[in-house]
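Here is a short report for a reader new to this structure. Look at the overall picture, then follow a few details.

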Amino acid sequence: MGKTPRRWFAVLVAVLAAAAGAVVVLAGPQPAGAATAFVQRCGIRFCLNGKPFYFAGTNTYDVFTYGSGSGDTETQYMDKAKIDAHLANLAADNVTVLRLWMFSHESWHGFETAKGIYNEQQFAQFDYIIESARAHNIRLIPVFENYWEAYGGIDTRLQWEGLSGGQPARGQFFNKQKCPGCFTSYKNYVSYALNRTNHYSGVMYKDDPTIMAWELMNEPRYENQTPNENTSGTTLRAWVDEMGAFVKGIDPNHLLGTGLEGHESRYGFGGDEGNPFVLIHQSPYVDFTSAHPYPTEAWANLSIEQTKTLIRAWINDSHNVVGKPFFMGEFNVHNVDRSAWFAALFADFEAAGGDGSAFWWYAATNVDGKFGVMKGAPELAAFRAHSTNMIAKSGGVLPSVSVTASPSGSTSASPSVSASPSKSPSPSTPAGACTVRYRLSDWGSSFNGDVTITNTSSTAINGWALRWSFPGNQVITNMWNAVPTQSGKQVTATNPPTYNTSIPAGGSLNFGFSATSVAGTNGVPASFTLNGTACAAV
């Protein structure tokens with residue numbers, strides 16, 4: 001959000017290597033030893049510990065500023081009591097995910113106050129924010145940088161390279177020919193943050209499951225730069241691909257989002273700003289889509305029913321065109337009955353299959369009169385009900401976040417991926433009655449597989465086991481929507497005991513997995529059998 005000046009914020013590269021015929025789709029990779037600790041992407045859904053993960057969250061963009069910003073790091077620079085009290089209030093109101101800023105170039109509470117100068121005190125405070133979030137079972141979505149001028153944003157990075165900022169000149173940031181230094185300084189900051197070791201837990205940021213996902217930038221756009229780029233989105237997509245690959249090359253654990261607003265003339269919300277929703281989110285490095293509806297802004301002027309239609313359009317495109325979960329990363333209304341709007345929009349969001357939401361914004365103190373919400377606000381009743389419904393859709397209880405620091409500073413866990421099938425698969429699959437589509441996302445030492453089985457016969461298949469052989473030294477570390485067993489290169493994926501148990505005539509089912517590999521040895525398996533019958537690879 002950045003349309004109104006009264007808002008403060010005005011709002012190693014990974015290479016996908018796939019064998020011939022593979023379809024490359026990123027699906028939230030997880031490393032060996034920490035597979036079930038992290039929120040993942042399972043097709044068009046988020047998942048956690050093998051179950052769907054739906055969430056209701058909020059934004060507190062300024063939690064990184066709690067404290068004097070000077071003096072002793074542990075007792076003055078940061079205000080631990082205020083951080084803890086705020087996270088406790090969030091937890092009491094059923095907030096399960098918090099989106100927040102991890103950027104500032106200002107001297108007060110700045111993360112990077114000058115080019116390449118990283119403020120240890122500020123990162124120490126963010127260490128504590130992570131610790132407090134974990135203690136309150138709240139997962140975080142930190143944002144790496146700001147398109148808008150608040151806290152410096154990319155205007156400051158442009159100034160470091162001798163270029164002007166402001167709107168629309170700040171679009172130069174995304175053009176590698178105009179500002180190669182912008183690419184370098186952004187990557188350097190991201191690398192520093194991802195590789196930081198939390199001084200309380202001993203866990204590197206890239207290894208901490210308290211962090212649900214990263215976002216590349218708050219509301220990026222490449223607006224009014226060339227005659228056709230407002231609609232084509234070519235330059236911004238190239239930037240997202242390059243920075244997404246860079247992030248995934250350092251951190252294969254976490255999900256990655258763009259921070260996009262979702263403005264586009266075809267949605268009837270905002271204009272064409274060089275960031276088309278579908279194209280940008282089709283980047284193979286991006287795990288979920290995002291949009292930021294503010295329907296009561298004068299430039300939007302949408303009714304409740306129009307807003308429902310807008311959000312459903314994003315959800316539909318996210319699930320059925322892009323093929324990823326949808327995150328409503330910001331939204332709010334003003335000068336209307338907010339409780340009524342919250343109740344109506346949340347109910348429709350749930351009915352439409354929205355995956356996660358985060359309203360703007362839950363303040364600790366000094367709430368603004370336009371969008372701010374504080375503990376005790378009446379609209380939080382609708383939010384709490386929404387969160388309860390999302391938790392119910394996730395299985396009723398959200399697993400707590402925990403980490404164990406190893407001597408190297410990495411998280412440690414040992415989930416078992418081998419299990420015996422609970423029922424015998426049907427031996428009656430007709431010959432030529434199935435096809436298998438195997439999508440591969442390869443990062444060298446780790447990868448994801450996404451598998452779709454289609455029953456092309458006229459008879460349902462009740463109970464199934466799909467078998468294949470890996471081409472190299474690949475080892476499954478986690479699987480969702482199926483139960484894996486592996487012996488050397490041989491893999492069998494079997495239906496779970498309580499769901500996905502049958503494939504109707506003419507129907508399909510999908511499952512996915514994370515695995516480790518040896519760089520250069522991966523590829524699409526040569527053949528597949530379903531209940532002993534060969535399936536055609538498509």
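Two strands count as paired if DSSP finds at least two bridges between them. With that in hand, take C47, which stands opposite P52 in β3. The model is predicted.

Strands of a sheet pair through backbone hydrogen bonds, either parallel or antiparallel.

**The chain as a whole**

The chain has 11 helices and 24 strands. Of its 538 residues, 59% are buried. The chain exposes about 18400 Å². Carbon and sulfur atoms supply 53% of that area.

**An enclosed helix**

Why is helix α4 largely enclosed by the rest of the structure? Six of the eight residues of α4 (residues 153-160) are buried, so the rest of the structure largely encloses this helix. The buried residues are G153, I154, D155, T156, R157 and L158. Their cover includes β6 (112-114) and α5 (180-194). After α4 comes G162, whose phi is positive, near 80 degrees.

**Salt bridges**

Side chains of opposite charge can pair when their charged atoms come close. How many salt bridges does a search of the whole structure find? The search finds 27. Three of them are listed here.

| Salt bridge | N to O distance |
|---|---|
| R45 and D355 | 2.8 Å |
| R384 and D93 | 2.7 Å |
| E215 and R99 | 2.8 Å |

Start with the side chains of R45 and D355, which meet in a salt bridge. R45 lies in strand β2, while D355 lies in the loop between α10 (338-351) and β13 (356-360), so the pair ties together parts that are 310 residues apart in sequence. Are the two partners buried or partly exposed? R45 is partly exposed, with a relative accessible area of 22%. D355 is buried, at 0% relative accessibility. The cut-off matters for R45: buried means under 20% relative accessible area.

Next come R384 and D93, whose side chains also meet in a salt bridge. R384 sits in helix α11 (residues 380-393) and D93 in the loop between α2 (80-92) and β5 (97-101), so this pair ties together parts that are 291 residues apart in sequence. R384 counts as partly exposed, at 31% relative accessibility. D93 counts as buried, at 4%.

E215 is buried, at 0% relative accessibility. R99 is buried too, at 1% relative accessibility.

Salt bridges can also share partners. Such bridges join R221, E223, E261 and E273 into one network.

Definitions and conventions: Residues numbered from 1 in each chain as written. Predicted model: local features only at pLDDT ≥ 70, side-chain atom pairs only at ≥ 80, totals over all residues. Heavy atoms only, no water. Buried < 20%, exposed > 50% of the residue type's maximum accessible area, 1.4 Å probe, protein only. Helix = DSSP H or I, 4+ residues; strand = E, 2+ residues; numbered from the N terminus. Contact = heavy atoms within 4.5 Å. Areas by Shrake-Rupley, 256 points an atom, 1.4 Å probe, with all protein chains shown as cover. Salt bridge = Lys/Arg side-chain N within 4 Å of Asp/Glu carboxyl O.
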